[in-house]
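Here are my notes on this one, as numbered points. Have the chains open while you read.

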Amino acid sequence: MNWDLLIELGYLGFVSLGFVFVLIAKLKPTALVPLDTLLRFIFQHRITRIALFMVWWWLGWHFLVGVTVR
Amino acid sequence: MVIFVGTAVFHIWRGSWQDVAIFGISALLILTQVFGLTRFGFSRQPKAPLWLLMLVVAVAAVTLYFAPRHGVVSFTVLMALIPIGIALLFYKDQKIQAQPSTAMFRSRIIWGSWATGFALTELVAYVGSKLSGDLEKFPTISVILDPVLDTPIGRAVFVVLWLIGGAYLFGVRRQR
């Protein structure tokens with residue numbers, strides 16, 4: 001099985017799907033709420049704010065400071 | 001919290017102790033909130049002027065672009081962003097909170113599934129690379145992005161997108 005192609009298509013597929021969701025939310029907000037509205041809602045909770053900040057911060061850490069590939 | 005604990009355990013298996021510390025501390029921090037230690041913090045959401053946020057982003061972007069990867073300067077910039085994050089986000093939750101509409105509920109499920117699927121793809125690649133010892137046959141996102149980040153354009157794009165994403169999520173968008 002061509003795993004590398006399958007995995008790379010998986011990443012590409014998820015990135016594309018993300019853009020599709022954003023587009024659907026823009027065109028039909030009754031089906032999917034816009035990302036901005038979703039973020040405003042989930043940021044009501046400090047737990048979510050901490051979690052999202054740590055995930056964002058870790059991404060920067062992982063690629064700019066930490067050892068990326070072992 | 002389960003996700004953060006799981007990720008910390010995963011990094012123990014990986015032998016990446018920095019990541020264990022980051023996700024372990026995050027899990028502990030979240031645990032304090034789960035158990036109700038939420039009375040500490042600013043009474044209102046702090047608001048930083050836009051020019052200040054843009055200045056922080058610009059200084060961080062230039063520094064991270066020119067500083068060597070994995071170096072002391074990049075480390076210092078990343079550490080300096082933590083107190084800024086605390087200043088912007090560590091305020092108390094409002095007592096009365098909005099209830100989710102059907103569309104909101106659906107959106108949370110869909111975006112949550114999307115993030116889980118993305119993470120599982122990365123996990124399959126990581127486990128596959130460990131079992132086979134072949135990083136090219138089972139490429140993780142790190143393996144794909146690492147050489148890109150060593151090029152000037154690749155690093156510039158990553159630094160700008162990452163910092164603008166952070167400024168949007170935790171600063172600019174929240175000022176409205």
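Predicted model: local features only at pLDDT ≥ 70, side-chain atom pairs only at ≥ 80, totals over all residues.

**Notes on the two chains**

1. Helix H1 (residues 2-14) and helix H2 (residues 17-34) of chain B pack with their axes 8 Å apart, at an angle of about 160°. The crossing of H1(B) past H2(B) is left-handed.

2. Who makes that contact? On the H1(B) side, the residues are B:Phe4, B:Val5, B:Thr7, B:Ala8, B:His11 and B:Ile12. H2(B) brings B:Asp19, B:Val20, B:Phe23, B:Gly24, B:Ser26, B:Ala27 and B:Ile30. By class, the contact of H1(B) with H2(B) comes out at 8 nonpolar, 4 polar and 1 charged.

3. Now the interface. Here 41 residues of chain A are in contact with 53 residues of chain B. On the chain A side, helix H1 (3-27), helix H2 (35-42) and helix H3 (46-65) each supply at least two of the residues that touch chain B.

4. Which helix gives the most to the side of chain A that touches chain B? That would be H3(A), with 17 residues. As for composition, the side of chain A that touches chain B has 28 nonpolar residues, along with 8 polar and 5 charged ones.

Methods. Residues numbered from 1 in each chain as written. Chains lettered and ligands numbered in written order. Contact = placed C-beta atoms within 7 Å. Helix = DSSP H or I, 4+ residues; strand = E, 2+ residues; numbered from the N terminus. Nonpolar A, V, L, I, M, F, W, Y, C, P; charged D, E, K, R; others polar. Axes fitted to C-alpha atoms, helices over the stretch in contact; angles between N-to-C directions. Left-handed = near helix turned anticlockwise from the far one by under 90°.
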